[in-house]
Amino acid sequence: MLQFPADPAAHLAVNVLDASSLLAAFGALGIAVVLFAETGLLVGFFLPGDSLLFTAGLLCVPGATRGPQLHLWQVIPAALVGALVGAQVGYLIGRRGGRALLARTRRRSLLEGVARAEELLGRYGHGKAIVLARFIPVVRTVLNPLCGVLEVPVRSFTFWQVTGGAVWTVGVVLAGYGLGSSIPGIDRYLLPIIGLVVVVSVFPIVLELFRARKARRHGGDV
């Protein structure tokens, strides 16, 4: 069964990679800060955006878990503010910092994220790529500054990032809330469910890698 710290002093040892730990320590404010860092700052690429939103939705169901009680009227606005403001800040950083900002990193996961983001932009165009990127970890971190680097028109970027950000944040929170409302004793299965959410969120990257490898293989056979 999922355990949350009962002692406020335990909040001093917050695990930033654990959605439950973050929510127990900071509540809705933590959601806004984490999503802002994940979508606006390159250093936040490792943060658990999907699992954080899903767990927050579960914690909004009265009595569903033994964790802190959250409320949809707090969680959804906090998630929207963090995700939407973060994306806009990331875009401005890319616009001012240029490609050198992305090229400076040596982290393989970030470099792969940049490659996937560029592939999404090239394959689907600005609008669809910006919306799809919201659902792909790491890619949603690097796509925003990359759009700034590529000088995507600010009005177009803002419209699509707000659309994608709203669908992503509200959709994942409500998915968690809906599951918590329909399954009694959901906290007994919370860790496996969160693990499944993480796997599902990574699946688009794996699928894109498979497609790219298959395309290169077929191209080599011609």
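Visitor: What makes you speak of a kink in H1, and where is it centred?
Guide: This is a predicted model. In it, the axis of H1 bends by about 120°, and the kink is centred on Phe 26. The bend is the angle between axes fitted to the seven residues ending there and the seven starting there.

Visitor: How does the span of H1 compare with that of a straight helix?
Guide: A straight helix of 22 residues would span 32 Å at 1.5 Å a residue. H1 spans only 19 Å between its end C-alpha atoms.

Visitor: And what does H7 span, from its first C-alpha to its last?
Guide: H7 reaches 41 Å with its 29 residues. The expected value is 42 Å, so H7 comes close to it.

Visitor: Why is H1 called largely enclosed?
Guide: Of its 22 residues, 18 are buried, so the rest of the structure largely encloses H1.

Visitor: Why is Phe 36 called partly exposed?
Guide: Phe 36 is found in helix H1. Its relative accessible area is 27%. Buried means under 20% and exposed means over 50%. The value lies in between, so Phe 36 counts as partly exposed.

Visitor: What separates Phe 36 and Ala 87, in sequence and in space?
Guide: They are 51 residues apart in sequence. From C-alpha to C-alpha they are 7.4 Å apart.

Visitor: What about His 71: where is its place?
Guide: His 71 sits in the loop between H2 and H3. At 34% relative accessible area, it is partly exposed. Its C-alpha atom is 8.5 Å from that of Ala 28, which is 43 residues away along the chain.

Visitor: Why is the pair Glu 38 and Arg 140 called a salt bridge?
Guide: Their closest N and O atoms are 3.0 Å apart. The cut-off is within 4 Å, so the pair qualifies. Glu 38 lies in helix H1 (residues 19–40) and Arg 140 in helix H6 (residues 139–149), so the bridge ties together parts 102 residues apart in sequence.

Visitor: How do you know that Asp 50 and Arg 140 form a salt bridge?
Guide: Their N to O distance is 2.8 Å. That is also within 4 Å, so this pair counts. The pair links distant parts of the chain, with Asp 50 in helix H2 (residues 49–59) and Arg 140 in helix H6, 90 residues apart.

Visitor: What makes Asp 50 and Arg 140 buried?
Guide: Asp 50 has 9% relative accessibility. Arg 140 has 3%. The limit is under 20%, so both count as buried. Glu 38 is buried as well.

Visitor: Which residues are linked in a network of salt bridges?
Guide: Glu 38, Asp 50 and Arg 140 are linked. A search of the whole structure finds 2 salt bridges.

Visitor: How do H3 and H7 pack?
Guide: Helix H3 (residues 72–97) and helix H7 (residues 154–182) pack at about 150°, with axes 9 Å apart. Their crossing is right-handed. By class, the contact has 18 nonpolar, 5 polar and 1 charged residues.

Visitor: Which residues of H7 are buried?
Guide: Among them are Phe 157, Trp 168, Val 172 and Gly 180.

Visitor: How many helices and strands does the protein chain have?
Guide: There are 8 helices and 0 strands. Of the 222 residues in the chain, 47% are buried.

Methods:
Residues numbered from 1 in each chain as written. Predicted model: local features only at pLDDT ≥ 70, side-chain atom pairs only at ≥ 80, totals over all residues. Heavy atoms only, no water. Salt bridge = Lys/Arg side-chain N within 4 Å of Asp/Glu carboxyl O. Helix = DSSP H or I, 4+ residues; strand = E, 2+ residues; numbered from the N terminus. Buried < 20%, exposed > 50% of the residue type's maximum accessible area, 1.4 Å probe, protein only. Axes fitted to C-alpha atoms, helices over the stretch in contact; angles between N-to-C directions. Left-handed = near helix turned anticlockwise from the far one by under 90°. Nonpolar A, V, L, I, M, F, W, Y, C, P; charged D, E, K, R; others polar.
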